Amino acid sequence: MPAIECRNLSKYYGDVRGIEDVSFAVEDGEVFGFLGPNGAGKTTAIRTMLGFLSPTSGGATLLGHDATDPVDSRRARERIGFLPGDPGLDRDRTAAAFLDHQAALRGESSREDLVERFGLDESRRIGDLSRGNRQKVALVAAFMHDPDLLLLDEPTSGLDPLLQEEFAALVRERVDDGASVLLSSHVLGEVAALCDRVGVLRQGHLVAVESVSDLRSRGGKQVRVRIAEDVDRSDFEVRGIMNLRVGETVSFTWTGEYDALIDLLSRYTVRDLDVVDAPLEEAFMTFYDGDVPGPTGNGGAGGAPGDDARSDTAAEPAGDAR
Ligand SMILES: Nc1ncnc2c1ncn2[C@@H]1O[C@H](COP(=O)(O)OP(=O)(O)OP(=O)(O)O)[C@@H](O)[C@H]1O
């Protein structure tokens with residue numbers, strides 16, 4: 001049984017398309033990434049799967065439970081950790097009071113460990129915490145009951161690089177313990193580092209689902225070679241070569257087999273050779289029509305969620321914004 005299964009899931013906000021006809025599955029033990037620029041539908045997809053929003057059509061199951069059935073989806077949520085993209089935590093409560101409330105609903109077997117690991121001061125009022133520290137509270141809440149499935153909407157936003165590393169380690173540990181993870185991001189590097197497969201959302205449609213390793217190999221290799229002899233540009237204008245630049249060094253993106261590259265270079269005296277994976281951005285160009293999510297997360301333009309900014313956690317569905 002897949003951890004998540006979406007079948008033709010659509011969600012419209014009135015006339016506004018959130019997602020349309022989204023179908024995919026997250027296998028048991030898999031880390032699956034939703035990648036897309038702002039407004040692509042990542043949050044809508046996650047919240048509809050969780051039963052916080054009613055689908056316009058289609059359906060989803062989480063851990064075998066029907067997301068559209070209020071009783072069944074509540075049962076699923078006991079075994080799920082959810083990190084909302086915009087955790088609207090109650091600013092007047094202390095972090096401890098918030099976590100106590102969450103713990104009463106779902107458990108807290110790893111709370112102490114996580115609080116220590118993220119260096120969280122639970123005694124502080126949530127309203128007095130920095131954005132990064134509020135994100136830590138939400139992360140502890142999502143992970144502290146050792147859930148079997150984690151749905152994490154932009155989990156590292158606001159975290160400094162060290163804490164991002166800590167978060168990545170935590171995800172890997174949970175997966176080693178058998179959990180499955182769906183996370184959304186518009187940061188390509190984050191998805192590439194953590195996920196087995198990635199689903200690319202664009203204007204509400206799931207336009208591709210691919211393994212990260214396939215994407216990497218499709219992006220090709222970036223080759224930089226210093227050659228002793230004078231090079232005739234036309235010698236390199238062959239199949240498999242893109243983005244050719246001929247100067248003091250010859251550089252290009254190679255999309256063919258290694259043997260053919262070695263054949264080509266064997267005609268020269270090679271002084272220096274550098275072959276690395278081409279940036280994943282190149283593979284993604286095809287999906288985004290040039291609107292590529294960058295390494296710093298600057299995706300394309302898009303609408304912002306409107307009436308849907310609510311305080312919600314994995315515990316309670318917060319109604320429907322339809
Ligand atoms: N409550 C709402 N009411 C009306 N339209 C909405 C609402 N929430 C989202 N939308 C619209 O649905 C589309 C998808 O938005 P969504 O927030 O799901 O995208 P996203 O990929 O999560 O974006 P981001 O990366 O900015 O969080 C956008 O066009 C957005 O304007």
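Student: Over which residues does pLDDT stay under 50?

Tutor: In this predicted model, pLDDT (the predictor's confidence in each residue, from 0 to 100) stays under 50 over residues 290-322. For that stretch the model has 64 contacts beyond four places in sequence, a contact being two residues whose C-beta atoms, placed from the backbone, lie within 7 Å.

Student: And what does the protein chain average?

Tutor: The average pLDDT of the protein chain is 85, and 87% of the residues score at least 70. The model scores are ipTM 0.97 and pTM 0.78.

Student: What cut-offs and numbering apply here?

Tutor: Residues are numbered from 1 along each chain as its sequence is written. Since the model is predicted, local features need pLDDT of at least 70 and side-chain atom pairs count only at pLDDT 80 or more, while totals for chains, interfaces and linings use all residues.

Student: OK, new topic: how many helices and strands are there?

Tutor: The protein chain has 10 helices and 14 strands, taken as DSSP runs (H or I of at least four residues for helices, E of at least two for strands) and numbered from the N terminus.

Student: Which strands form the open sheet?

Tutor: The order is 12-13-11-14, with antiparallel pairing among the 4 strands; two strands pair if DSSP finds at least two bridges between them. Strand 12 (241-246) and strand 14 (270-277) are at the edges with a single partner strand each, so one side of each has no neighbour in the sheet.

Student: What joins strand 12 to strand 13?

Tutor: There are 4 bridges between strand 12 and strand 13 (residues 250-254), which run antiparallel, and methionine 242 has threonine 253 of strand 13 as its bridge partner.

Student: Now the largest nonpolar core: which members touch the most others?

Tutor: They are Met49, Leu62, Val140, Ala142 and Leu151, out of 64 residues. Helix 5 (residues 131-143) supplies the largest share, 7 residues. Such a core is a set of buried Ala, Val, Leu, Ile, Met, Phe, Trp, Tyr and Cys residues joined through C-beta atoms within 7 Å, where buried means that 20 or more other C-beta atoms lie within 10 Å of a residue's own, all placed from the backbone.

Student: What is leucine 151 in contact with?

Tutor: Beyond its neighbours within four places in sequence, leucine 151 is in contact with Ile46, Leu50, Ile80, Phe82 and Leu182.

Technical notes. A residue is buried if 20 or more other C-beta atoms lie within 10 Å of its own, exposed if 12 or fewer, and partly exposed in between; C-beta atoms are placed from the backbone.
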